[in-house]
Number of protein chains: 4
Amino acid sequence: MLLRLRASLSDSERHSILKLCKDLGYSPKFLGRAESLLELEGPGGPGDRSQFEDHTCVVQVIEMSESCELTARPSQGEDTVVTVGQARFGGGWASLIAGPCAVENIDRLLTIAGSVRDAGATILRGGAYKPRTSPYSFRGLGVDALDYLATAREKTGLPIVSEVLDPRDVEAVGERVDMFQIGSRNMSNASLLDEVGRTTTPVLLKRGMASTVREFLLAAEYVLAAGNPNVILCERGVRGFDNVTRNLLDVGAIAFLKERTHLPVIADPSHAAGRADLVAPIARAGIAAGADGLIIEVHNAPEEARSDGPQALSIDEFKRLAADVRTLLAMDGRRLSGDASADSKHSSDSDSNRGDSTRPESLEVKHHA
Amino acid sequence: MLLRLRASLSDSERHSILKLCKDLGYSPKFLGRAESLLELEGPGGPGDRSQFEDHTCVVQVIEMSESCELTARPSQGEDTVVTVGQARFGGGWASLIAGPCAVENIDRLLTIAGSVRDAGATILRGGAYKPRTSPYSFRGLGVDALDYLATAREKTGLPIVSEVLDPRDVEAVGERVDMFQIGSRNMSNASLLDEVGRTTTPVLLKRGMASTVREFLLAAEYVLAAGNPNVILCERGVRGFDNVTRNLLDVGAIAFLKERTHLPVIADPSHAAGRADLVAPIARAGIAAGADGLIIEVHNAPEEARSDGPQALSIDEFKRLAADVRTLLAMDGRRLSGDASADSKHSSDSDSNRGDSTRPESLEVKHHA
Amino acid sequence: MLLRLRASLSDSERHSILKLCKDLGYSPKFLGRAESLLELEGPGGPGDRSQFEDHTCVVQVIEMSESCELTARPSQGEDTVVTVGQARFGGGWASLIAGPCAVENIDRLLTIAGSVRDAGATILRGGAYKPRTSPYSFRGLGVDALDYLATAREKTGLPIVSEVLDPRDVEAVGERVDMFQIGSRNMSNASLLDEVGRTTTPVLLKRGMASTVREFLLAAEYVLAAGNPNVILCERGVRGFDNVTRNLLDVGAIAFLKERTHLPVIADPSHAAGRADLVAPIARAGIAAGADGLIIEVHNAPEEARSDGPQALSIDEFKRLAADVRTLLAMDGRRLSGDASADSKHSSDSDSNRGDSTRPESLEVKHHA
Amino acid sequence: MLLRLRASLSDSERHSILKLCKDLGYSPKFLGRAESLLELEGPGGPGDRSQFEDHTCVVQVIEMSESCELTARPSQGEDTVVTVGQARFGGGWASLIAGPCAVENIDRLLTIAGSVRDAGATILRGGAYKPRTSPYSFRGLGVDALDYLATAREKTGLPIVSEVLDPRDVEAVGERVDMFQIGSRNMSNASLLDEVGRTTTPVLLKRGMASTVREFLLAAEYVLAAGNPNVILCERGVRGFDNVTRNLLDVGAIAFLKERTHLPVIADPSHAAGRADLVAPIARAGIAAGADGLIIEVHNAPEEARSDGPQALSIDEFKRLAADVRTLLAMDGRRLSGDASADSKHSSDSDSNRGDSTRPESLEVKHHA
């Protein structure tokens with residue numbers, strides 16, 4: 001049996017729940033640093049479950065056999081909608097995240113940010129800490145880049161997402177971004193998942209390059225189990241045997257995830273394609289399979305980009321793609337966040353479950369916790 | 001140097017071209033049984049190429065370094081449009097191929113055939129010879145099934161496609177079908193490719209389950225090199241490491257192929273998904289990535305199907321998918337073959353590049369029109 | 001229920017067994033062209049099985065659920081030993097097959113054949129019909145090459161193995177070789193498997209480049225079900241995502257197969273490595289994992305070889321490898337066929353389970369002994 | 001240009017080298033937290049390189065194009081021998097690492113430790129922090145387990161290796177273990193690689209489950225670039241499409257790595273096989289392909305093990321495997337560390353480059369820094 005505890009317990013609360021466990025004959029043990037999951041071993045009795053459920057520190061009692069409980073669709077009747085500024089993901093809403101691969105300088109960033117906002121993006125992406133295969137490659141500008149992103153947010157109104165690589169950086173990055181990105185290389189990094197799980201900042205979690213869908217969901221489960229319900233899954237292509245594309249976008253996984261989990265699912269066609277000429281058709285395929293949005297590398301001068309240049313779309317290409325996305329979403333009665341007309345039309349809908357009509361300036365997250 | 005020869009040379013013509021080769025100092029050798037490719041070895045001279053080009057038996061002179069010459073887009077300015085009855089593939093046209101996995105009995109086949117025609121299909125598919133992993137599995141009804149398919153064509157007007165597994169069956173199958181299917185397991189079966197290449201019947205060529213795109217194009221090159229220009233490439237998913245879907249539909253390969261080759265490309269979402277609930281989103285992804293059509297398993301009572309039942313769509317599901325496909329095609333100004341309104345609208349269009357009215361002689365194939 | 005029938009039934013025998021089936025209320029149907037498997041559908045009764053078992057045309061009665069029955073180890077207490085000339089595979093014996101990738105000319109072939117025999121090979125390999133990715137590549141010398149191989153057998157005493165690609169060639173190739181090779185591309189070619197299954201010539205069956213072990217065993221089952229028990233499985237590497245080697249030799253599959261099936265298993269390190277410098281360590285790994293032999297490309301002037309040259313070992317490299325193989329086999333009390341001392345030593349052993357002296361009738365195959 | 005700096009520079013030293021860079025017109029930037037790599041951008045001049053080489057803070061000047069410089073064999077004439085207690089890896093020495101998957105209790109650990117030492121192991125492995133797919137799985141006993149391991153070292157004399165998952169744990173784990181293990185999931189975790197790279201404790205680096213060999217070498221390059229030369233590469237199988245084994249041991253990669261890098265390479269047959277019955281043949285294959293040792297899960301009661309039980313060898317199975325390994329190593333004139341006779345024989349060799357004859361009690365590392 002596992003107990004999921006409330007975040008930020010006081011010492012006396014922690015003592016109280018541990019005492020109850022021991023009194024009932026269990027040997028309790030915390031799983032992970034986050035101390036939000038307490039594993040109980042011992043014979044126990046049939047009435048114990050309800051005693052734990054009644055305790056004020058306990059959010060949920062989980063049987064060991066019910067793995068993936070928190071990500072599974074049956075656990076909630078409807079989609080989780082993750083909201084970041086104007087962007088909404090899930091529940092009939094899709095959003096576009098766009099920006100340069102790595103943040104290189106403030107002028108270029110501002111140019112790109114303004115352009116992608118005008119073209120339909122509602123979140124700005126930009127790499128501050130870059131995971132690199134070689135230790136000798138450019139690893140990003142770090143905190144300087146985060147400050148540039150904050151400036152861009154101020155000037156454009158776009159919330160920002162950036163990758164965090166190290167659990168020791170979670171606090172500093174969390175103070176500056178509106179959404180964490182966990183990259184493919186770190187999908188199975190439990191320390192990092194635990195750490196972002198202890199915040200309430202939304203998390204964009206990318207699938208590992210050879211991870212099964214079950215492993216992907218269990219990585220999200222780490223974040224949810226640590227207390228953060230705001231996870232967006234991102235399919236970015238798995239490693240294949242051919243090299244005409246950098247990775248193989250798994251549209252079947254997107255379709256399957258939309259059935260299996262209540263969490264929103266988006267696609268990253270830039271890393272799947274690895275070449276600009278194939279980004280748009282792959283992006284369209286992702287939306288057609290059911291994705292709730294896209295994260296795309298866009299550059300105002302793709303040929304000059306220092307990292308991953310060949311896969312960045314130009315501003316014009318992004319604008320054309322955004323138009324296609326609108327058409328694809330309309331097929332299913334879905335909408336792109338940030339579209340003025342769509343939003344106003346939507347706010348008159350009776351479908352009040354989807355999104356929320358009053359959004360504060362910078363960042364709001366509504367969830368069912 | 002390779003010489004591609006006209007099909008059906010007389011003995012004296014064959015003698016004449018072999019004599020020319022030897023007179024010029026080459027040692028000629030036929031590649032494959034089809035005797036349509038003649039490999040020349042020897043020092044040769046700079047003027048030889050033009051002498052061969054002038055010979056009436058020679059269709060084309062190919063330098064050894066120019067592999068994939070016939071499938072490559074640069075070799076023709078525009079898309080090849082393959083036409084099978086009302087169905088057109090390529091050049092802005094897409095078509096739906098539908099039917100049961102294996103042909104089981106005539107009544108069921110007629111029911112399914114009529115239903116898929118009414119729902120938008122323009123070709124009927126049905127397995128007569130089934131490739132099976134186990135020797136103890138049902139391998140199809142063979143010639144009986146082909147006869148049932150012929151009856152269904154007569155009653156519904158739909159042309160038929162069925163798989164051929166053995167080079168010795170090419171003649172018998174070719175007499176009965178309007179398009180050959182070469183399955184994944186046989187993509188690299190040169191004998192079979194040579195044999196269907198000697199006909200003019202269109203060939204639906206499926207990608208091997210772990211074949212690269214280059215290998216796929218070279219398999220098509222076998223058919224084209226043997227003299228048959230009517231090849232439709234079919235992406236049906238590659239083998240992956242996960243099992244939530246049976247295979248992984250490679251939408252990047254579809255997008256890449258549309259750039260690289262003038263041949264039409266379709267998708268097989270049924271074998272990619274391996275489960276009915278994911279067929280429609282995967283099919284939509286394929287069209288959104290640029291596919292010129294779909295081949296889908298449809299069954300009027302999917303739960304009773306003897307082979308591959310769990311992946312067959314019901315008639316109603318297929319009808320809804322066809323509606324989605326129309327919307328997706330319209331996004332790009334493409335059209336679904338067989339749509340009465342679309343066809344009449346199309347013939348009044350000025351867009352004469354799309355469709356078959358101006359296609360060159362050698363590529364036009366009409367079957368049972 | 002399936003009936004496996006004797007090969008070469010007369011018309012009256014065939015009529016007799018079909019009549020029995022119908023009299024008992026079954027509807028019988030042949031699976032495949034070989035007409036060695038008869039599928040029965042119908043309710044049937046509990047005593048039917050023994051009636052079929054008693055019929056003189058029936059070799060075996062197979063329940064549909066018992067797939068892989070013939071390849072499974074439980075079906076025979078001990079290893080099948082496949083014997084080809086002096087070469088023995090299985091039951092504690094291993095053998096080396098060596099020779100050029102493609103047969104190019106008689107002089108070179110004789111040189112290589114003599115050298116590999118002196119270095120420890122007991123079978124000569126050589127490609128007559130070559131499967132090629134491109135239609136414009138050298139496809140082998142065909143029947144001429146087979147005749148060269150026959151000459152080499154005469155001069156060196158080595159039996160020969162060569163690939164057959166087309167079911168129409170099985171008869172002609174079978175007249176000239178001592179063992180058929182079925183290549184990776186044809187592992188799932190049921191027509192070809194049926195056809196070689198109707199002979200008694202041993203079959204070297206290579207695993208498909210992305211085939212599961214279960215699919216591999218079921219391919220062998222095709223040959224056994226058609227009546228030919230003399231199958232050697234060959235692991236040659238599966239397709240991976242890296243390119244430091246051409247394929248990934250699956251040593252775990254070798255170890256697994258040795259547990260699961262009574263058939264001999266060998267390794268092809270040449271196609272796994274794709275580069276000469278890695279052939280020897282990969283070959284050693286295969287034997288250490290349990291393989292009953294190797295098939296190796298050897299060339300007296302590897303740099304001049306027309307096809308696959310970079311992966312051919314020189315004569316000296318092959319000789320050194322053969323010495324390593326002897327040491328590895330000795331670790332398990334296994335022996336290399338053709339070693340004079342080993343053979344004589346072996347015949348005086350009490351270990352009569354190993355080797356061919358007590359093998360049952362149906363499995364014994366002697367060629368050109 | 002990159003400068004690799006000495007570890008533990010004083011502030012004034014750091015200032016001095018940064019000043020030199022700026023004086024020569026470069027804009028310097030540290031790569032990663034370890035501050036051991038300084039990237040220089042700017043035009044620079046032809047004589048700059050030698051000025052940097054002369055600076056006392058600079059260990060090495062690396063041109064950007066020379067990636068993988070430190071792991072590449074050409075950079076050192078001979079094998080790096082990594083020594084951990086009596087265990088030596090590389091330069092003709094191999095060693096066996098054995099122990100339970102997870103450390104569960106002190107009694108069982110002591111039993112296993114004593115048994116594997118007597119059977120030939122020279123390092124004890126045991127999981128204290130376990131990477132798990134599910135947040136609800138047992139994640140190891142943490143520091144308690146490390147203390148148990150330290151006790152086992154004291155009682156048996158075996159040095160210990162254990163996995164570190166979090167950069168924040170590197171110091172605490174480093175105080176207790178003789179070798180860090182970096183698991184497959186963390187092969188690309190640059191923060192963790194940087195952190196262990198700042199120590200001199202040997203690092204056992206496992207290949208990612210879908211990492212190319214180049215990516216694997218670049219991960220090792222992170223550790224070497226940060227200043228720690230004592231890296232042992234561990235091939236543990238890559239993810240495949242079949243499930244008869246858990247992973248696919250890439251023996252070709254082992255052979256390739258032994259050519260390409262001077263670092264020792266070992267194999268992990270337990271995680272490759274995923275089932276005890278195939279561990280021994282896969283282990284033998286790894287050694288036969290050139291591996292300098294093995295890491296094996298051994299348990300005195302495999303059926304009771306809490307994590308990964310089905311793949312643990314019993315003590316007896318491990319003993320038999322150790323005997324096979326000795327035979328395989330002898331084939332190449334290699335030796336197993338810890339074998340009394342081999343060691344004494346070796347110390348009389350003139351081959352003084354291999355290993356070192358005088359070893360202190362617990363842990364010694366000799367490297368070329």
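This is a predicted model: local features need pLDDT of at least 70, side-chain atom pairs count only at pLDDT 80 or more; totals for chains, interfaces and linings use all residues.
Q: Let's start with one chain. Into which domains is chain A divided?

A: Chain A splits into domain 1, covering 2–66, and domain 2, covering 74–347. Those bounds come from an automatic or database domain assignment.

Q: How many Å separate the centres of the two domains, and how many residues does each give to the contact?

A: Going by C-alpha atoms, the centres of domain 1 of chain A and domain 2 of chain A are 35 Å apart. Each domain of chain A puts seven residues into the contact. On the domain 1 side, those residues are three nonpolar, two polar and two charged.

Q: Now the chains together. How do I describe the way two copies of a chain are related?

A: You give a rotation about an axis and a shift along that axis.

Q: Which surface do the copies use to meet?

A: For chain C, 100% of the interface residues are also interface residues in chain D, so the copies meet through the same surface. For chain B, 100% of the interface residues are interface residues in chain A too, so these copies also meet through the same surface.

Q: How many residues of chain C touch chain D, and which elements do they come from?

A: There are 33 residues of chain C in contact with 33 residues of chain D. On the chain C side, the elements giving two or more residues are α8 (251–260), α9 (269–273), α10 (279–288) and α11 (315–331). Of these, α8(C) gives the most, with six residues. By class, that side of chain C has 21 nonpolar, six polar and six charged residues.

Q: And inside a chain, how do I describe two packed helices?

A: Use the angle between their axes and the distance between those axes. In chain D, helix α10 (residues 279–288) and helix α11 (residues 315–331) pack at about 20 degrees, with axes 10 Å apart. That makes α10(D) roughly parallel to α11(D), and their crossing is right-handed. Among the residues making the contact are A283(D) and I287(D) of α10(D), along with L321(D) and L328(D) of α11(D). The contact residues divide into eight nonpolar, no polar and three charged.

Q: What about α3 and α11 in chain B: at what angle do their axes cross?

A: Helix α3 (residues 106–119) and helix α11 (residues 315–331) of chain B cross at roughly 25 degrees, and their axes come within 9 Å. α3(B) and α11(B) are therefore roughly parallel to each other. The crossing here is right-handed. From α3(B), the contact takes S115(B), V116(B) and A119(B), while α11(B) brings I315(B), F318(B), K319(B) and A322(B). By class, that is five nonpolar, one polar and one charged.

Notes: Residues are numbered from 1 along each chain as its sequence is written. Chains are lettered from A and ligands numbered from 1 in the order in which they are written. Axes are lines fitted to C-alpha atoms, for helices over the stretch in contact, and angles run from 0 to 180 degrees between N-to-C directions. Helices (H or I, at least four residues) and strands (E, at least two) are DSSP runs, numbered from the N terminus. Angles under 35 degrees count as roughly parallel, over 145 as roughly antiparallel, 65 to 115 as roughly perpendicular and the rest as oblique. A crossing is left-handed if the near helix is turned anticlockwise from the far one by less than a right angle, and right-handed if clockwise. Ala, Val, Leu, Ile, Met, Phe, Trp, Tyr, Cys and Pro count as nonpolar, Asp, Glu, Lys and Arg as charged, and the others, Gly among them, as polar.
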